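Subject: Structure for you to look at

Hello,

Here is the structure I promised to hand over. Please open it beside this email and follow along.

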Amino acid sequence: MNHAEDITQGSYYNFRVGSKGDVKRQVVLATQLSGFPWGKIFKAEVLEKFKFPEGYWFEDTPISCIMYGMGYRMNTIQDIVYGYRLNPNGITATAGHSKRSIESWYITKKCYEEYPDFGVDYDQRAYDYLLNQCVMNEKRTRHQPKKIREAIFTLECELMMNYFANFSTQDSNLRRIESALKKKEFVSFELLACAE
């Protein structure tokens with residue numbers, strides 16, 4: 001609490017329980033804010049008007065897509081404050097095989113539509129976030145039929161043009177993803193996203 005800002009994230013450890021009851025732990029030091037809500041403290045006013053979209057998978061996407069663009073003071077600390085159990089049967093591990101994995105696209109679209117409601121700018125941070133989110137959407141839906149993945153890709157290209165037509169990334173890791181989206185090269189995009 002001595003280091004708390006508007007949003008503060010601590011370090012954490014992942015753990016899984018093996019078939020023989022053995023516990024395997026891996027420490028993850030917080031060097032940047034993540035998109036999940038756990039392992040953080042938020043000042044009350046940060047969450048005053050903020051609601052997670054109900055009934056959707058990946059409902060925590062607005063934290064990093066919207067909340068991190070609202071001008072709050074944010075930081076990370078090295079203290080381990082949370083233990084996250086890796087569940088081989090949970091949504092994170094099994095989502096790709098479910099039809100509901102496409103909800104990742106709907107949440108992405110909804111976030112950008114709601115920027116004006118939260119006073120968030122369509123700026124460079126938001127643009128680079130979109131490029132990363134397109135990769136995330138591809139990873140989450142990679143087990144869906146090709147026509148569905150291609151439809152999501154087409155909608156992402158449209159979203160990019162609607163909000164960020166004149167933007168270019170300065171992140172060298174995102175330039176090839178950006179190029180594939182701007183040129184509407186679905187096959188190239190999928191190959192690049194799988195390599196991430």
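The crossing of α8 and α9 is left-handed. This is a predicted model, so keep that in mind as you read.

Which residues make this contact? From α8 come Arg176, Ile177, Ala180 and Leu181. From α9 come Ser188, Phe189, Leu192 and Ala193. Sorted by class, the residues of this contact are six nonpolar, one polar and one charged.

Now the geometry.

Two packed helices are described by the angle between their axes and the distance between the axes. Helix α8 covers residues 175-182, and helix α9 covers residues 186-195. Their axes lie 8 Å apart, at an angle of about 155 degrees. Angles over 145 degrees count as roughly antiparallel, and therefore α8 is roughly antiparallel to α9.

Next, α6 and α8. Here the axes are 10 Å apart, and the angle is about 80 degrees. Angles of 65 to 115 degrees count as roughly perpendicular, so α6 is roughly perpendicular to α8. On the α6 side, the contact is made by Tyr127, Leu131, Cys134 and Val135. On the α8 side, Ile177, Glu178, Leu181 and Lys182 take part. The classes in the contact of α6 with α8 are six nonpolar, no polar and two charged.

Helix α4 spans residues 103-113. The axes of α4 and α6 come within 9 Å and cross at roughly 165 degrees. That angle makes α4 roughly antiparallel to α6. The crossing of α4 and α6 is left-handed. Ser104, Trp105, Thr108 and Tyr112 make the contact from α4. Ala126, Tyr129, Leu130, Gln133, Asn137 and Arg140 make it from α6. By class, the contact of α4 with α6 has five nonpolar, four polar and one charged.

Last, empty space.

Rolling a probe the size of a water molecule over the atoms shows where empty space is left. How many cavities of 30 Å³ or more does the structure hold? It holds one. The largest cavity has about 30 Å³ of space. Its lining consists of Cys134, Asn137, Glu138, Thr141, Arg149, Ile152, Phe153, Glu156 and Phe189. Helices α6 (124-141) and α7 (146-164) each supply at least two residues of that lining. By class, the lining has four nonpolar, two polar and three charged residues.

Best wishes

How values were computed:
Residues are numbered from 1 along each chain as its sequence is written. This is a predicted model: local features need pLDDT of at least 70, side-chain atom pairs count only at pLDDT 80 or more; totals for chains, interfaces and linings use all residues. Side-chain values use heavy atoms; hydrogens and water are left out. On a 1 Å grid over the protein atoms alone, a cavity is a set of points where a 1.4 Å probe fits but cannot get out, and a pocket is an open set with protein on both sides within 12 Å along at least five of seven lines; lining residues have an atom within 4 Å of a point. Grid points are joined across faces, edges and corners, and a volume is the space filled by probe spheres set on the points. Helices (H or I, at least four residues) and strands (E, at least two) are DSSP runs, numbered from the N terminus. Ala, Val, Leu, Ile, Met, Phe, Trp, Tyr, Cys and Pro count as nonpolar, Asp, Glu, Lys and Arg as charged, and the others, Gly among them, as polar. Axes are lines fitted to C-alpha atoms, for helices over the stretch in contact, and angles run from 0 to 180 degrees between N-to-C directions. Angles under 35 degrees count as roughly parallel, over 145 as roughly antiparallel, 65 to 115 as roughly perpendicular and the rest as oblique. A crossing is left-handed if the near helix is turned anticlockwise from the far one by less than a right angle, and right-handed if clockwise. Contact means heavy atoms within 4.5 Å.
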